[in-house]
Amino acid sequence: MDEIQPWLFAIAPLDGESLSHFLGRFRRENNLSVSRLGREAGIGAVVARWEKFYLNPFPSRKELEALAKVVQVDADRLREMLPPEGVGMKHEPIRLCGACYPESPYHKIEWQFKTTQGCVGVSHRHKLTLLSECPNCGARFKIPALWANGWCQRCFMEFGKMATYQKLI
């Protein structure tokens, strides 16, 4: 008798989305724990580290290809959700732009770059500082993999409403 193969819902990555946020969306859609996703990909607990932006050692091509088979996204596309070579990452605090969030409700990888000082540049017209905690209650933002509803997990203030608390650069 043939073994029944599990099936998973495919999730399309969003433009500029961080790997942490993408993996969280994929896991929620497929009701998978982080350990189950790592087990299915054959790469183990490293997935939990990646969701927290702990990228040392950096994900190997082999690991990305193994993950790509499970999440049904090309390994090169997964690589785009990580920082470019030579760009340092801040794994804490998690940062966001409240003005960007209503337009594209997901965590952008560039918000975590050590070189990113705010929402500025060609793709960012807001010219605002990034937030690292809820301006209403002071809670630090959870890792993007846990951003299911787009609000502070302590006081439920919507990320988009936080823009009024950001300062101009």
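The legends below describe an overview and several close-up views of a predicted model.

**Figure 1. Overview of the predicted protein model.**
The protein has five helices and two strands. Read from the N terminus, the elements follow the order α-α-α-α-α-β-β. The C-alpha trace spans about 65 × 35 × 25 Å along its principal axes. The radius of gyration is 17 Å, which agrees with the value near 15 Å that a compact globule of 169 residues would have. Of the 169 residues, 45% are buried. Among contacts between residues at least 6 apart in sequence, 57% join residues at least 24 apart.

**Figure 2. Surface and charged side chains of the protein.**
The accessible surface comes to about 9600 Å². Carbon and sulfur atoms account for 52% of this surface. There are 23 positive and 18 negative side chains. The centres of these two sets lie 8 Å apart.

**Figure 3. The largest nonpolar core.**
This core holds 48 residues. The members that touch the most other members are Phe22, Leu37, Leu67, Val71, Leu78 and Phe141. At least two core residues come from each of helix 1 (19-30), helix 2 (34-41), helix 3 (46-51), helix 4 (61-71) and helix 5 (75-80). Helix 4 gives the most, with six residues. In soluble globular proteins, nonpolar side chains tend to be buried together.

**Figure 4. Phe22 and the residues around it.**

**Figure 5. Helix 4 and its cover.**
The buried residues of helix 4 are Leu64, Ala66, Leu67, Ala68, Val70 and Val71. What covers them includes helix 1, helix 2, helix 3 and helix 5. An α-helix has 3.6 residues a turn, so residues three or four places apart point the same way. Just after helix 4, Gln72 takes a positive phi of about 60°.

**Figure 6. Gly88 in the loop between helix 5 and strand 1.**
Gly88 counts as partly exposed because its relative accessibility is 29%, between the limits of 20% and 50%. Apart from residues up to four places away in sequence, Gly88 touches Gln112, Phe113 and Lys114. The C-alpha atoms of Gly88 and Leu55 are separated by 9.8 Å, although these residues are 33 apart along the chain.

**Figure 7. Thr116 in the loop between helix 5 and strand 1 (118-119).**
With a relative accessibility of 12%, Thr116 counts as buried, since buried means under 20%. Beyond residues up to four places away in sequence, Thr116 touches Arg95, Glu110, Trp111 and Leu130. Gly88, shown in the previous figure, lies in the loop between helix 5 and strand 1 as well.

**Figure 8. Arg140 in the segment after strand 2 (128-129).**
Arg140 counts as exposed because its relative accessibility is 52%, and exposed means over 50%. Setting aside neighbours within four places in sequence, Arg140 is in contact with Pro93, Ser132 and Glu133. Arg154 is 14 residues from Arg140 along the chain, and the C-alpha atoms of the two are separated by 9.3 Å.

Key
Residues are numbered from 1 along each chain as its sequence is written. This is a predicted model: local features need pLDDT of at least 70, side-chain atom pairs count only at pLDDT 80 or more; totals for chains, interfaces and linings use all residues. Side-chain values use heavy atoms; hydrogens and water are left out. Helices (H or I, at least four residues) and strands (E, at least two) are DSSP runs, numbered from the N terminus. The radius of gyration is taken over C-alpha atoms; the globule rule is 2.2 Å times the number of residues to the power 0.38. Buried means under 20% relative accessible area, exposed over 50%, partly exposed in between (1.4 Å probe, protein chains only). Contact means heavy atoms within 4.5 Å. Accessible areas come from the Shrake-Rupley method with a 1.4 Å probe; for residues, only the protein chains shown count as cover. Lys and Arg count as positive and Asp and Glu as negative; His and the chain ends are not counted. The place of a charge is taken as NZ of Lys, CZ of Arg, CG of Asp or CD of Glu. A nonpolar core is a set of buried Ala, Val, Leu, Ile, Met, Phe, Trp, Tyr and Cys residues joined through side-chain atoms within 4.5 Å.
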